[in-house]
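Dear colleague,

Please find below the structure for your review. My notes on selected features follow it.

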Amino acid sequence: MKQVVQNYKSGELSVLEVPVPGCKPGGVLVRTVYSLISTGTEMMKVSEAGMSMVGKARSRPDQVAKVMQSVATNGLPATYRKVMGKLDSYTPLGYSLCGVVEQVGAGVDDVKVGDLVACAGNEHALHAEINWVPKNLYTPVPDGLAPQHASFGTVGSIALQGVRQGEPQLGEVALVIGLGLIGQLVVQLLTAAGVRVVGADPDPSRCELAERLGAAACGDPGSAAVENAVAELTDGHGVDQVYLAAGGGSNQPVELAAHLARDRGRVIDIGKCRLDLPWNAYYEKELDVRFSRSYGPGRYDPAYELEGRDYPIGYVRWTERRNLACFIDLMARGRVDVDPLISHVADFEDAVETYRRLKDGELKAVTALFRYAPAESDSQAPAQEAPKIEIHAVKRQAAQATSARPAKSPVRLAFIGAGNYASSMLLPHLAQREGVALSTVVTTTALSAANAQRKFGFAQATTDLDAVLGDSSIDAVFVVTRHSSHASLTRQALLAGKTVFVEKPLALTGDELASVLATVEESGNDRLQVGFNRRFAPLLREAKTRLGARTGPASLRYLVNAGRLQHGSWYLQQGTEGSRFEGEGGHFIDTASWLLGADPVSVYAVAPSGNEDLQIVLTYPDGSTATISYVTSGAPAFPKETLDLLADGKVLKLDDFVRASVYGRKRWVSSRLPKARDKGQSNELASFVKAVRTGGPMPVPLESLVATTAATLAVQASLAAGAPVALARSL
């Protein structure tokens with residue numbers, strides 16, 4: 001299928017051939033009929049992408065702050081790779097469309113194949129021939145409403161949520177500043193609610209359009225016409241509400257709002273405009289400033305948008321989906337007319353030229369639409385099932401691993417998942433490694449697969465898992481997806497006879513871990529590696545060598561200054577993705593166990609009340625102990641990982657993979673790494689590829705991988721019991 005994409009680094013726009021997205025449970029596959037170009041939001045994004053790197057930084061100071069924090073934590077080279085990887089990627093455009101349901105995912109029963117639906121979301125209602133849309137981001141379109149009009153659903157919901165924030169009452173007067181697409185819709189919604197509206201915009205044609213659509217009067221915000229209209233309609237008191245639907249860097253909208261609002265009036269910000277509030281003006285009138293967040297309650301909540309968890313109507317009357325359905329209904333009943341707002345309709349194949357004309361000002365439009373060609377097959381015929389990733393066990397005949405490969409034959413690798421970690425920490429090493437062929441990348445979203453194929457040279461990009469598991473020429477599979485799918489995908493790959501590299505964690509529950517072990521026994525395939533990379537770090541390996549063999553028990557202290565997660569991080573989705581420590585704690589337990597040369601026999605964890613900090617004590621067969629302090633309340637500027645190991649009158653000290661030292665009869669101190677914190681990914685991958693090529697032992701024994709995973713899971717059990725948890729040998 002085809003999709004409109006933009007390279008944020010270069011600003012280049014293109015219509016790209018990408019795989020069809022998978023149809024996941026809880027959503028539907030939709031073939032687009034019309035999609036709407038937001039001439040405000042989208043064109044701002046297009047223009048921003050064309051800026052220089054300095055211009056991009058100035059436009060997004062929040063992102064610059066995140067980059068600087070990443071430099072402090074991960075070092076400049078790793079941060080540079082991560083940032084440039086994100087910048088030099090295809091990004092999607094679009095967030096409002098109407099289309100026909102082609103496939104219904106499990107758990108969806110309110111629509112069927114062939115139904116017309118309006119769809120929302122800047123990750124789901126894209127300018128693409130086919131989109132996967134979760135349940136709470138689509139609504140059925142009533143009979144009689146044209147699909148080109150239904151494609152306004154998302155922008156209509158944005159306007160509707162803004163009006164709801166203003167709480168208009170019958171007979172009130174409102175001022176709408178900015179008469180672009182959102183402003184025109186706000187005018188109509190207010191008029192339908194019995195509010196008299198004054199509009200302000202420097203474009204005379206937009207003022208004239210707003211008056212045709214119901215505004216009492218409109219004019220240039222710098223002219224006396226707007227002030228005179230407000231004075232006449234309000235007897236000089238000022239408007240009850242002001243809706244800021246303008247963009248740009250001028251502070252004129254907020255100043256005009258203060259000037260024309262009545263005492264204790266309401267000012268609602270819908271657009272992205274400058275908000276340097278003149279304190280005296282807002283204070284003296286005690287103006288109520290409110291923000292309208294996108295389509296309504298549920299926006300930016302993964303549990304609502306992705307998992308389909310609706311809010312009870314008794315507590316949240318108007319959610320994203322209810323706003324979408326409401327606006328669609330208003331259009332169907334003729335209370336809102338969007339037809340006059342359609343300035344241009346372009347064929348989807350002409351998308352790049354359409355954006356160019358909009359950007360250059362050659363095409364002046366309140367709204368433009370993309371019109372998509374109908375499917376080649378008969379539209380009444382049953383839709384063919386789209387490729388998908390199924391996250392469940394599928395029994396397959398296990399292929400027996402060969403003992404060795406021909407010397408000159410490349411190791412063929414496939415990736416399931418191509419997110420940020422895979423793209424910044426794994427694939428750059430593999431793409432440059434001699435004797436490695438990147439065969440296939442499979443993801444649930446089309447664009448991430450296309451990005452990985454372009455940047456790293458995969459021979460194929462797909463959303464079909466069977467393209468990997470059923471391909472006998474693929475030697476090894478990397479599972480680099482969300483944590484909740486690791487165990488299931490690992491099982492499927494082992495049953496298919498593949499050597500498997502799964503990023504930590506291997507499992508999120510004891511049952512998942514047991515199922516992986518049962519699969520190893522069932523298939524006879526134990527070719528498994530978990531991404532515990534720190535034991536491969538050159539600095540730590542050299543320090544361990546210089547420490548030498550131990551004769552007595554050791555005491556290890558590991559401080560992990562994990563820091564706070566940003567709001568919205570999927571690591572916070574504990575219900576589906578496990579706790580944060582279950583996700584990454586295996587790194588630190590594995591490192592401790594490797595340094596101590598054994599697997600732990602017990603775990604005791606405590607957590608101070610009221611925060612996420614953990615203190616974990618591991619004991620080992622020879623009496624050694626490892627204390628891991630996993631804290632989120634530390635200073636961001638402090639190093640993330642510091643480690644001390646004391647034994648036999650000697651001390652090994654690691655300072656955040658930048659410097660190491662060993663104190664004994666002689667003191668050894670490493671040179672400070674000049675470039676980057678090498679946490680072992682390159683060496684780990686080299687060892688894994690060698691094992692695949694030669695058929696030799698895996699880099700880490702399976703028993704150790706299982707013991708580390710069991711110890712990680714035991715932390716939560718110890719917290720719940722308030723007591724140590726003994727660990728039994730699993731193999």
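Pro724 is exposed, because its relative accessible area is 57% (exposed means over 50%, buried under 20%, partly exposed in between, with a 1.4 Å probe and protein chains only). This is a predicted model: local features need pLDDT of at least 70, side-chain atom pairs count only at pLDDT 80 or more, and totals for chains, interfaces and linings use all residues. Residues are numbered from 1 along each chain as its sequence is written, and side-chain values use heavy atoms, with hydrogens and water left out.

Pro724 sits in the loop that joins α24 (702-721) to β31 (725-726); helices (H or I, at least four residues) and strands (E, at least two) are DSSP runs, numbered from the N terminus. Not counting residues up to four places away in sequence, Pro724 touches Val603, Tyr604 and Ser718, where contact means heavy atoms within 4.5 Å.

The largest nonpolar core has 50 residues; such a core is a set of buried Ala, Val, Leu, Ile, Met, Phe, Trp, Tyr and Cys residues joined through side-chain atoms within 4.5 Å. Helix α7 (181-192) is among the elements that supply at least two residues each, and α7 gives the most, with 7 residues. A second, separate core of 40 residues includes Trp668 and Ala711.

An open sheet of 3 strands has the order β2-β1-β4, with antiparallel pairing (two strands pair if DSSP finds at least two bridges between them). β2 (13-17) and β4 (90-92) each have a single partner strand, so one side of each lacks a neighbour in the sheet.

Kind regards
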